Every structure is written in structure tokens, then in C-alpha cells.
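Where does this chain hide its side chains, and how are its strands arranged around them? Please look at the structure below before reading on.

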Amino acid sequence: MSVRLKLALSYTGFLMLAGVMLLGAVWVFLLRYVPERALIIPGSTGTPIHDVFPVRSNLLHVFAPRAAAVLAILLLFGLLGGWILAGRMLARLTRITGATRMASNGSLSHRIRLPGRKDEFRELADAFDTMLARLEAHVAEQQRFAANASHELRTPLAISKALLDVARTDPDHDAGEVIDRLHAVNTRAINLTEALLVLSRANQRSFTREPVDLSLLVEEATETLLPLAEKRGVTIETSGDITPTIGSQALLLQLTTNLMHNAIVHNLPDQGTVWVNTSVRPTTVLLTVENTGEKLSPELASTLTEPFQRGTERVHADHAGVGLGLAIVKTITDAHDGTLTLTPRSAGGMRITVELPATAPHA
């Protein structure tokens, strides 16, 4: 049976039960006070007075058919009224079901937008609309990611093919130069592949959680990136407190390194500065990386965490990266139940803050 028929039968059953209980109450509390025999008034001629004092048998003879007729009417009214009420109630659910079928067929732009008062069906429809919006945005992001990844992976392969074609058609060409360029292109392709693997690993949250101190990770990343900063004329200033959190030390080190690497590469041509600070709040720890550089709009800053997005034009340098730095940072932050905030500085550059759950120092 359909849900509508089940509801209609349920309404009818409750209505019939209420009618039977009402008739039972009439019998128990009213008819039992009617005498079974005709009353004889003392001092009279002894003739029963049927007109004034009806007996119980006569009342039952008259009442029973009417009661049965009333129950039959209640049965028909309950079935018809229950069917209509159930249909009106389930009409909103039918609308949600239709939207679900459309979504299952690939139409994610459709929204229910259920009108009316805020009840359980309205809450279900609103939750479904929210889920569709997030799913549509996620699918669009994945499509952009797939297109960008295909382009980024195709570029080094095309360059390698062109270099090999040149070497094959021109035997007199300098083989050392071709080898050096092939090595650089191959290194970039390897770095891109490794970045994609890190991104996938963080997305799946397939890592072991352990106590981590962000301030120690900042020191390690600073030692690693100090030669790059000196080469580009950038000063790194670090400060802060012990910041205990829980997570993957390797992924959080990757996060810290990516933030500082971006802050160094996307900086002023000379005399740039990178400020790195760690701080503790009652329930969270903060890692803040701030740098000088070109002025960025808030609209552009909000897109920098998407894969293969860059704040400025493509940088042609040895340490330009593959366009996945902040995307990896965002994914690692989400995998650690944290929050990533990007804020353009009024004087130029960017302030990036990562907020993660804190743990007790003794942990």
C-alpha cells in the first residue's frame, strides 16, 4: 500500500474508534438509567405509561439503526477526508522527491524552495537545497581541477616531446642543453604529481594523528627556505609561543612550508619581508604568515585556495611552484578540522591565518 492509503486508513480507523467510544459512552452513562420495563405509577389504574417513560428495549430498537448509519457515514467521511488530507500533506514530499530524481539525473542547479510555514518538510527541503548547492559547487570545482590538472600535466609532456623532436631533427644541436631542459621539465612534472598525491592523501584523511608543535615546524621550514629567501632578498621574521595541536606532522610541515614558500616567492622583488607567528588561544592554536608584496583584491584572495590559482601572473622561476600550494594548505587545514583565512594587507601582500584545535601541553 502507498503511504497515502496507509495514512487515509489510519485516519479512518481513529475516527471509527472515536465514534465507537462515543456510542459506548452513551450506552454506559445514559441508557443504563432508562428502565427495562414500563413504570407503573402507584394509585393509577395499572396501565403502563409508555409515552412518558420509554423502556430500554424500545430505545435500542430505535437507536441501533441510527448508530449504525452514523458509523457508516463516519467510515465514508474518514476514508474520503483522510485521502484528501494525506494527499495535501504528501504533496510537499512529492515535490522533494521530484527534485531528488532531477538531482540523481545530473541536474544540480534545481532547487526546491518549498513555500509555507517552517515545519519538518520545510526543514528537509531547505537542507536538501543546501546540500545541492554545496554539491554543485564541489562538482564545478572538481571539473575546474580536472581541466587545470590535465593542462598542467600536458604542458611538460608537450615540452619534452618538442625538445626530443628538435634533438632528433637537428643532430648538431647541443645535447647538454636539451638534457638540462628535459631535466627541468621532468622535475616540474614530478613535483606536480607529488603535489597531487599530497592533495589526494589529505582529502582522504588517511594519516595518523599525533601531538605536533607548530612552532617547531616553523623553525624547520625556516631553515629549509632560508637559502631561497636570501637569494630573493626576503627577510624572514619568526615569533610566537609553543602551539600544541594534534595531527599529521608531515602534512602540517607541508602546510607550513607551503605558506612560507608562497610568502617568499610572491613578495617584493627586493627588500621583502615575511612575518611568521604562532599563538595560543583557549581552545585553538594559530599560525599566521604575513608578507609584503603586490596589492590583492578580496575577490581575488577568495579564489587563491582553488587548485592552480595564482595571485599574480605565472611566475617563471626555479621555485615558482605548480599552483597547488594554497589548495594543499586548504585541504590539510580542513582535514585537521581547522580554519583557513586569507586577508589582503592594505599596504600590499597577504595575511594568512591557520586556526587548528589545541591540545594540552603535556599531551
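Eight of the eight residues of β5 are buried, so this strand is largely enclosed by the rest of the structure. Buried means under 20% relative accessible area, exposed over 50% and partly exposed in between, with a 1.4 Å probe and protein chains only. Strands (E, at least two residues) and helices (H or I, at least four) are DSSP runs numbered from the N terminus. The model is predicted, so local features need pLDDT of at least 70 and side-chain atom pairs count only at pLDDT 80 or more, while totals for chains, interfaces and linings use all residues. Residues are numbered from 1 along each chain as its sequence is written, and side-chain values use heavy atoms, leaving out hydrogens and water.

In a regular strand the side chains alternate between the two faces of the sheet. In β5, Thr284, Leu286, Thr288 and Glu290 point one way, and Val285, Leu287, Val289 and Asn291 point the other.

β5 belongs to an open sheet of five strands, with the order β2-β4-β5-β7-β6 and mixed pairing. Two strands pair if DSSP finds at least two bridges between them. β2 and β6 are the edge strands, each pairing on one side only. From one strand to the next the twist averages 10 degrees; axes are lines fitted to C-alpha atoms, for helices over the stretch in contact, and angles run from 0 to 180 degrees between N-to-C directions.

On one side, β4 and β5 run antiparallel and are joined by seven bridges, with a hairpin of three residues linking β4 to β5. Here Trp275 has Glu290 as its bridge partner. Eight bridges join β5 to β7, also an antiparallel pair. Glu290 stands opposite Arg351 in β7, and Thr288 opposite Thr353.

α5 touches β2, β4, β5 and β7, and its direction makes about 170 degrees with that of β2. α6 lies across β2, β4, β5 and β7 and runs at about 25 degrees to β5. Contact means heavy atoms within 4.5 Å.

The largest nonpolar core has 41 residues, and Leu259, Ile264, Val274 and Leu287 have the most contacts inside it. Such a core is a set of buried Ala, Val, Leu, Ile, Met, Phe, Trp, Tyr and Cys residues joined through side-chain atoms within 4.5 Å. α6 gives the most to this core, with eight residues. Leaving aside neighbours within four places in sequence, Val274 is in contact with residues including Val234, Ile236, Ile264 and Val289.
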